[in-house]
Amino acid sequence: MMPTDKQKPLDIVIVGLGAGGLYASRAALGFERKCRVTFIEKRDFDQFSPCGLPFVIEGVVADFEALKYHVPEVKNRLIKLLRHEAVSADPRKRIVTAVDLTTSEEKAIPYDALILATGASPVNLPIPGAQKFLGKGIHFVSDIENSRALLMAVASSRKKRAVVVGGGASGLEVAVGLRRRGLDVIVTKRTPAPFPRNLDPEMGQAIVDHLKAHGIRVLFGKGISRIDGDRQVESVEIAGETIPCDIVVMAVGMRGNTRLAETAGAAIHQGLVTVNNRMETSVKGIYAIGDLVRTYSRIDRTPAAMQLATSAYRQGITAGINAAGGHTAYPGVLNTFLTVVGDLEIASTGYTLETAKERGYDARAVSTRREVRPHYMPDAPEIHLRVIVAAENGKILGAQAVGKEGAGWRINLFALAIHGGMTLYDLQDAELAYNPPVSQMYDAVSQVAEVGLKRLGLPPRACK
């Protein structure tokens with residue numbers, strides 16, 4: 001699909017100007033100079049960082065404007081249609097129909113390749129009152145508008161109490177932010193352990209203790225059963241207890257925006273668009289990236305999804321190159337994840353023990369707790385590491401880390417180890433940097449590798 005000098009430019013249409021869409025455009029324009037990209041975006045501004053929203057709520061970031069990015073247009077190469085909504089895609093005619101949200105004008109936009117980067121929308125629980133009180137006390141934190149509405153509600157709250165529903169990164173980050181804004185905060189979820197997709201239950205107690213230390217009431221394993229009030233939220237019911245409040249934050253997950261993909265006839269599985277290793281959907285010439293797609297695990301190619309910006313931009317690069325006539329493959333997801341709740345880093349990569357066993361591995365978990373610096377250094381916090389390995393050879397399948405320092409960079413080491421097919425032997429042999437203000441001479445990463453080899457009964461590495 002490479003155009004010759006006499007051919008018209010290759011037209012690539014990207015729906016959605018998020019991280020995935022932006023990097024798809026850069027990859028396409030960089031790969032093929034005779035290429036033109038048109039963005040279709042509902043917002044009236046270019047781009048923003050969703051990951052920064054909880055930190056504006058907390059007050060760490062001054063205001064929402066700081067989260068915005070400007071993407072400059074490039075004459076005849078990069079065109080932005082802001083305040084436009086793509087309503088359908090016709091793969092036979094290769095046309096996207098979009099509506100100008102300012103004038104209501106309908107436009108037919110031709111394409112040679114189409115990249116869907118339409119993201120995801122927050123889920124509202126199907127419980128009594130959840131639909132009734134949308135915009136009347138129930139809030140989401142997924143974009144600048146609804147996050148700003150939450151802050152306005154905090155400022156005008158009479159009860160000064162909020163209930164956050166959900167125990168994932170967004171929910172817990174927002175809970176800490178609301179607490180620092182002076183509200184009484186209750187966090188609830190139906191399952192007893194936080195971050196069930198990322199952490200084994202054994203790692204969760206430190207997080208619960210940390211939330212409680214911040215003055216947050218934790219009701220994990222109970223969940224919210226109803227939301228009550230007259231014209232506004234006035235209370236919620238959790239495990240039979242009526243809790244007065246006037247703010248409820250729903251942070252129970254995101255649902256992929258697949259409607260446009262469906263109009264084009266793309267295959268959908270369990271609410272996500274199915275793509276191949278080129279990020280191409282079941283419809284030739286249409287690619288999908290980011291929160292709306294179902295891809296595969298980098299470990300063993302089993303189906304997987306990862307609704308994080310770090311996967312979206314890599315998928316965007318793959319889709320952009322392929323849409324521009326190249327041929328490159330996406331390596332798959334590890335779900336490498338990091339959040340900071342208060343001053344606690346929580347990180348993971350690869351499989352949990354439960355997931356590894358579900359995938360058919362004879363897996364084991366090995367844990368260790370260790371101070372991040374030598375004992376003689378002041379303020380040396382502890383880090384809790386847990387590694388998931390194959391019992392027969394110590395191959396690394398996943399890892400988790402919780403601590404006030406260093407969880408993130410250690411998980412990045414484990415992510416690289418998984419990507420390289422490494423074992424506990426390799427981690428034990430790794431030469432890591434050391435200096436007392438930063439780390440131990442014998443780091444927790446090396447320690448957990450040694451402990452794991454001993455517990456698995458694996459012999460010392462043979463001489464080569």
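**Pocket, helix contact and selected residues**

The second largest pocket has a volume of about 240 Å³, where a pocket is, on a 1 Å grid over the protein atoms alone, an open set of points at which a 1.4 Å probe fits, with protein on both sides within 12 Å along at least five of seven lines, and the volume is the space filled by probe spheres set on the points. The structure is a predicted model, in which local features need pLDDT of at least 70 and side-chain atom pairs count only at pLDDT 80 or more, while totals for chains, interfaces and linings use all residues. Residues are numbered from 1 along each chain as its sequence is written, and side-chain values use heavy atoms, with hydrogens and water left out.

The lining of the second largest pocket, taken as residues with an atom within 4 Å of a point, comprises 14 residues, of which Gly-137, Ser-156, Gln-232, Val-233 and Asp-246 lie nearest its centre. Helix H3 (144-156) and strand E16 (233-238) each contribute at least two residues to this lining; helices (H or I, at least four residues) and strands (E, at least two) are DSSP runs, numbered from the N terminus. By class, the lining has 3 nonpolar, 6 polar and 5 charged residues, with Ala, Val, Leu, Ile, Met, Phe, Trp, Tyr, Cys and Pro counted as nonpolar, Asp, Glu, Lys and Arg as charged, and the others, Gly among them, as polar.

The axes of helix H1 (residues 19-31) and helix H7 (residues 309-323) come within 7 Å and cross at roughly 35 degrees, the axes being lines fitted to C-alpha atoms over the stretch in contact and the angles running from 0 to 180 degrees between N-to-C directions. Contact (heavy atoms within 4.5 Å) involves residues including Tyr-23 and Phe-31 of H1 and Tyr-313 and Ile-317 of H7. The residues of this contact divide into 10 nonpolar, 3 polar and no charged.

Ala-206, found in helix H5 (residues 205-213), is partly exposed at a relative accessible area of 33%, on a scale where buried means under 20%, exposed over 50% and partly exposed in between (1.4 Å probe, protein chains only). Leaving aside neighbours within four places in sequence, Ala-206 is in contact with Leu-344 and Val-402.

Most residues other than glycine have a negative phi. Asn-76, in the loop between strand E4 (68-69) and strand E5 (78-82), has a positive phi of about 65 degrees and counts as exposed at 58% relative accessibility. Arg-83 has a positive phi of about 55 degrees, is found in the loop between E5 and strand E6 (84-90), and counts as partly exposed at 34% relative accessibility.
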